[in-house]
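Let us walk through a protein model step by step. Keep the sequence and the 3D view open as you read.

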Amino acid sequence: MTANTGRTLAVREKGKINLGSWLILFLTAALFVFLALTRKNFYTYSNIHSILYEVSFSFFAAVGFTLLIIMGELDLSVGSLFGLGGALMGLFIFNHRLPVEAAIPLAMALAAVIGFAAGLLVTAFRLNSMMVTIGVMMAVKGYNWIQIQKFGGRQIPRAQWNFITVELFGVKWTILAMLATALLFEIFLAGSRHLKQLYYIGDNFSTTILYGLNANLVKVLCFTVSAALSAFGGALMTCRLKHPHVTVGANLEIGVITAAVIGGASIFGGRGSMFRTMLGVFFVFLLQNGMTSYDINSYVQQIILGSILILAIYLDVRINGKRT
Amino acid sequence: MTAAVDEFLKISGITKTYGVVKALADVSFSIRRGEIHTVMGENGAGKSTLMKIIGGETAPDSGAIELEGRRIRTFVPAAAHDLGIHMVHQELAVFENLTVAENIFPYHNFRKAGWIDYASLHREARSKLDLFGLKTIRPEEPLGSVALAGQQMVEILRCIVAEPKIIILDEPTSGLNDREADLLLGILKRLKDEGLTIIYISHRFKEIMRISDRITVLRDGEFVATLENTPELSESELINNMVGRDLSASLYRIKTVSGAAPDAPTLLEVRGLAKKSSLNPTDLKLAAGEIVGVFGLEGSGVGKLSRMMYGLEGKDEGELFIKGRRFAKINPRIMAAERVMYLNNNRKIAGLLPEMPVTDNLSLPVLKRFSRFLGFLDFRRIGRLATDFIKAFAIALPSLSTRPANLSGGNQQKVMLSICLVPEPEIVIVNEPTRGIDVGAKTEIHRFLLDIASKGVGIVIFSSELPELMSLSDRILVMRDNSVVGEVGAGDYTEQTLMRYAAVGSAATGGE
Amino acid sequence: MPGKLARKSEFVPLVLSLALAAALSAASGVFWTSANLNSLQASIAPTAIMAFGMMLCLICGYFDLSIGSIMLLAGLLSGKFNDWGLSTPAIVLFVLLAGLAVGCLNGFLVAVLGINALIATIGVQYIGYGFAMTLWDRNMQHRKFPGDFIAMGDGQFLGMYYMTWVMLAILVGLGFFLKYTLSGRRLYYVGGNREASRLIGFNDRRIVFLCYAATGLLAALAGVLAVARIQSPTQYMGGGVHMTCMIACVIGGGSFAGGKGSALGAALGVTFMSLLTNMFNLLEMNTQLQNVVVGLTLIAVIVVDGYLNLKKMRAMGMI
């Protein structure tokens with residue numbers, strides 16, 4: 001299973017084909033073909049483009065999440081921090097009359113502070129990261145509601161959201177940004193010591209401490225990055241919707257965990273790939289799109305998605321589990 | 001009927017291997033009804049494995065255990081309990097969140113109309129505690145607030161109230177002070193007088209000689225002798241049995257001359273390293289090219305010293321000098337930066353990246369050195385380095401991408417040693433460098449250690465194997481009761497001398 | 001002996017609740033009105049019933065984040081069964097069975113398959129919500145339950161709702177179970193030291209499974225009582241209640257490390273949390289601000305709990 005752990009010099013172990021790492025590609029392709037064959041309007045440029053457009057926002061909530069899951073930490077606050085990006089956009093644009101180019105970095109910075117604090121608590125007190133981030137999720141979600149309700153559906157002026165519609169080569173720039181981000185992280189995860197050490201930390205935390213890595217610092221930084229990028233995605237999403245909305249980022253963490261785990265990451269750490277996480281997010285959205293096109297009720301979609309999550313985690317436990 | 005009494009518990013031909021390591025080889029002896037039977041031997045002699053088998057926690061590969069002439073066939077703790085065999089572990093299996101009384105009686109046998117009757121529970125617990133003379137422990141208090149010694153007594157009490165036929169005590173006095181140990185030994189004597197059979201494991205010679213009826217010595221997984229504890233039995237005889245290997249023909253060549261140059265500069269100096277109730281102030285000096293061995297039986301403080309020297313465990317006091325520079329704060333990051341490396345004693349817990357390719361393992365401590373623009377790693381150089389190390393250490397690998405998890409123990413250990421040597425350290429602290437690996441890998445690792453020392457690297461080696469220490473070290477420090485009690489230089493090594501220091505704290509043969 | 005009382009783990013939530021109640025009666029004139037006390041009861045009783053289940057899981061060293069969905073499912077199933085014309089006892093019976101089934105599913109995922117308790121129960125929470133909402137239709141809230149069903153929520157005896165009596169009955173029963181039966185004590189052995197509990201022959205997996213099953217049952221009961229009280233199902237039942245219960249249990253003496261806690265502690269913890277909510281209402285603060293406070297409280301509780309465990313481990317020399 002070398003493929004999931006970044007680039008290595010050596011030749012693959014002979015005769016071993018790793019199903020796990022190709023699973024997501026296979027699933028996505030199968031679902032894609034199925035929908036293309038059975039749904040009339042599916043295989044059109046505009047439909048695929050619009051799915052990718054949706055994916056491109058949510059993907060940013062999955063970036064930091066993937067970095068953290070590689071180290072065996074789970075960040076459940078990504079959904080609400082995604083929403084926070086939107087709430088803060090409203091705050092800065094409506095209340096402080098800031099231009100969008102200032103609002104987005106500011107929103108990211110504030111979110112980063114929250115992520116940094118969460119990371120600090122997790123590492124300093126050796127807390128379960130899921131527990132801490134559930135608390136963060138609740139608190140932030142509450143704040144988002146309060147803020148966004150104050151705006152009362154007020155629209156962001158066109159001049160401020162216009163940039164989101166920019167296209168390059170006939171493709172929305174956020175899609176290109178997503179692809180570039182995934183590619184960049186993938187390359188760094190495979191080849192640069194800064195990100196490659198995440199796999200080492202995830203494989204055996206104590207070993208990395210023993211040989212002098214500052215693993216706690218790395219974790220705190222990744223919590224920070226996770227929060228900032230989630231807020232970035234949410235801010236962009238808000239620009240697309242043209243107004244802050246409370247549903248932005250709602251239950252996104254479920255989709256993101258599912259995406260990362262079916263993308264080959266393990267909740268036990270040491271495995272994961274940014275590119276495959278992106279495919280995982282695409283798969284989740286494709287599935288939702290497909291289910292909607294089959295007129296499947298959104299609540300039933302929720303049942304199906306939740307079941308896939310539990311199944312994926314179960315397989316993870318069976319394959320990678322040091323059972324507890 | 002003496003046979004039945006003599007062979008109350010009959011152990012015949014027990015063999016158990018873990019991987020390539022033989023933990024027990026054809027061990028046979030018997031335990032009498034109503035005796036205190038001590039099993040002793042160096043660390044790794046196979047005592048714990050044997051006790052686990054008797055206690056039903058693991059099954060032997062071959063051989064038989066018979067209790068009162070009936071062969072035991074199922075090896076699970078519950079079955080052993082049913083037969084009346086109970087075991088008190090060295091790592092306590094107690095419930096700190098619950099009261100003393102509930103720890104003594106986990107099955108709450110005192111009910112009134114189905115409800116637990118706490119009054120009688122506490123009364124019964126009180127009377128059991130009184131029986132042991134534990135006046136200060138109250139049945140109602142949470143066990144977590146009781147001192148370690150008390151917790152130990154409580155676990156023993158839990159076994160005793162089950163009215164067992166045999167109880168096994170694994171180093172019960174290791175966490176106790178003399179007065180507490182005294183109390184425990186008195187209780188064991190009384191239990192014996194009441195007809196209980198006790199199997200006792202300990203390193204403390206004095207108490208062994210005081211309470212045992214018979215003593216069985218194991219060495220390297222083999223049965224050596226069962227001795228009657230008569231007044232004629234001397235400590236020396238026991239020590240000779242424990243260590244009496246024939247070293248002339250073995251793979252070990254005992255060092256007779258120190259390999260370190262007398263004028264070699266001091267690399268590392270430990271001054272007054274101490275921690276409350278686990279290490280008394282300790283000094284240690286290491287010169288370039290020198291190998292200093294540290295020996296001690298379990299619980300003597302060797303483990304603490306090794307971990308505190310590298311900052312893996314906090315210290316209360318003390319400082320470290322590396323090539324004359326003072327370090328009051330010690331942590332692995334500082335040590336690694338100063339080119340001090342640490343070979344961990346338990347490769348399963350830390351020391352390897354089990355699921356990462358060997359190349360990644362080897363590059364871990366030198367990531368910075370092999371990174372270029374933006375931190376990108378120079379995979380070609382890492383690959384070359386890995387190939388060199390694998391060749392130099394004769395590590396048997398299918399390919400460079402093999403993961404340590406799939407390697408044998410010996411090869412894992414060699415990979416771990418390689419990781420420590422990749423940064424070209426000046427000082428290496430090695431902790432049990434050859435635990436649980438086969439003889440071939442063992443000699444190779446010894447050769448590597450001697451080799452790097454000859455190139456000027458200073459090595460501190462912590463080991464529980466005397467022959468290993470004697471063949472590697474230029475001098476050996478011996479620890480007992482959290483202090484260094486003696487130092488022996490190359491040329492003066494005998495197993496008896498070293499073991500005597502470790503066991504009784506002095507080299508004189510007269511005894512205390 | 002006041003010192004002895006202060007050492008009890010129930011002391012903290014008791015003092016907190018009393019202090020908050022005192023502050024509220026000083027700050028608000030309507031605190032002691034019967035309307036407010038009734039609404040307090042109606043908030044405490046179902047939440048406490050659910051917290052009892054959470055406490056069972058916590059004592060074993062686990063948690064259940066799906067109880068909110070189970071409560072919602074119970075409420076909407078009651079409405080559905082009512083639409084089908086089932087009698088009140090039948091509605092209650094089937095709803096409780098449904099809750100038990102979800103609880104067993106949690107137990108299966110966690111105790112049998114060995115899936116991380118947080119993720120498994122978050123997944124079930126998500127699925128359960130979806131499943132419950134497929135039962136939901138807008139008209140449901142206009143159809144009335146039969147009188148005897150409503151009476152379960154609305155009826156009073158000696159100035160207290162039936163549901164409060166039910167809660168108190170469970171409190172006493174569970175309190176006795178946890179304190180005076182071997183089966184109850186076993187939870188503390190498992191939560192205190194799993195390995196050791198196995199060594200003395202307790203079947204830890206079965207015990208954990210049963211705790212989850214009981215939690216599902218209790219959450220469904222809470223759902224039935226709550227829906228009877230508000231007289232018609234709503235889609236907002238059970239939102240965030242898993243967090244409230246978790247915090248209440250930890251404030252009430254439970255620990256994420258397991259092995260601690262009591263039914264009384266859970267009830268007192270819930271009382272405190274309900275008073276807190278009541279404060280928000282009385283002082284007319286934004287209800288969403290509650291979530292912020294609850295989330296921050298959760299973090300604080302986790303940190304304190306984690307710090308205490310860390311200190312204990314340090315003292316034992318494990319780190």
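Is Glu68(B) buried, partly exposed or exposed? Glu68(B) has a relative accessibility of 38%. Buried would need under 20%, and exposed over 50%. Glu68(B) therefore counts as partly exposed. Bear in mind that this is a predicted model.

Now look at the partner of Glu68(B). Its side chain meets that of Lys165(B) in a salt bridge, with 3.3 Å from N to O. Glu68(B) sits in the loop between strand E4 (62-67) and strand E5 (70-71) of chain B, while Lys165(B) sits in the loop between helix H6 (148-161) and strand E9 (166-170) of chain B, so the bridge ties together parts that lie 97 residues apart in sequence. Lys165(B) is partly exposed too, at 37% relative accessible area.

Other salt bridges can be found in chain B. Lys323(B) and Glu426(B) form one through their side chains, at 2.9 Å from N to O. This pair also links distant parts of the chain, 103 residues apart. Lys323(B) lies in the loop between strand E16 (317-322) and strand E17 (325-327) of chain B. Glu426(B) lies in the loop between helix H14 (409-421) and strand E19 (427-431) of chain B. With a relative accessible area of 22%, Glu426(B) is partly exposed.

Next, find Lys304(B) and Glu313(B). Their side chains meet in a salt bridge of 3.0 Å, N to O. Lys304(B) is partly exposed, with 26% relative accessible area. Glu313(B) is buried, at 7%. Both belong to a network of salt bridges that also takes in Lys275(B) and Arg307(B). Over all chains, the count of salt bridges comes to 36.

In soluble globular proteins, nonpolar side chains tend to be buried together. In this model, the largest nonpolar core has 331 residues. Which of its residues touch the most other members? They are Met309(B) and Phe52(C). Helix H3 (residues 34-60) of chain C gives the largest share of this core, 16 residues. Zoom in on Met309(B). Beyond its neighbours within four places in sequence, Met309(B) is in contact with Leu268(B), Val270(B), Leu273(B), Leu284(B), Leu320(B), Ile330(B), Met335(B), Ile429(B), Val460(B) and Phe462(B). There is also a second, separate core, of 38 residues. Among its members are Leu129(B), Leu169(B), Ala181(B) and Ile198(B).

Asn106(C) belongs to helix H5 (residues 88-112) of chain C. Its side chain makes a polar contact with the side chain of Asp64(C), at 3.5 Å. Leaving aside neighbours within four places in sequence, the residues in contact with Asn106(C) are Asp64(C), Ser66(C), Ile70(C), Thr121(C), Val124(C) and Tyr212(C).

Now step back to where the chains meet. Start with chain B and chain C. How many residues does each give to the contact? Chain B gives 25 and chain C gives 20. Together the two chains bury about 1800 Å², with 63% of it on carbon and sulfur atoms. One salt bridge crosses this interface. It joins the side chains of Glu102(B) and Arg185(C), at 2.6 Å from N to O. On the side of chain B, helix H3 (77-83), helix H4 (100-104) and strand E8 (115-116) give two or more residues each. That side divides into 12 nonpolar, six polar and seven charged residues.

Finally, visit chain C and chain A. Here 41 residues of chain C are in contact with 36 residues of chain A. The buried area is about 3600 Å², and carbon and sulfur atoms give 80% of it. The salt bridge count is zero. One residue pair is in polar contact. On the side of chain C, at least two residues each come from H5, helix H6 (117-135), helix H12 (241-251) and helix H14 (287-315) of chain C. H14(C) supplies the largest share, 14 residues. By class, that side of chain C has 30 nonpolar, 10 polar and one charged residues.

Methods
Residues numbered from 1 in each chain as written. Chains lettered and ligands numbered in written order. Predicted model: local features only at pLDDT ≥ 70, side-chain atom pairs only at ≥ 80, totals over all residues. Heavy atoms only, no water. Salt bridge = Lys/Arg side-chain N within 4 Å of Asp/Glu carboxyl O. Helix = DSSP H or I, 4+ residues; strand = E, 2+ residues; numbered from the N terminus. Buried < 20%, exposed > 50% of the residue type's maximum accessible area, 1.4 Å probe, protein only. Contact = heavy atoms within 4.5 Å. Buried area = accessible area lost by both parts, 1.4 Å probe. Nonpolar A, V, L, I, M, F, W, Y, C, P; charged D, E, K, R; others polar. Core = buried A, V, L, I, M, F, W, Y, C linked by side-chain atoms within 4.5 Å. Polar contact = N/O pair within 3.5 Å; in protein donor to acceptor, adjacent residues only side chain to side chain.
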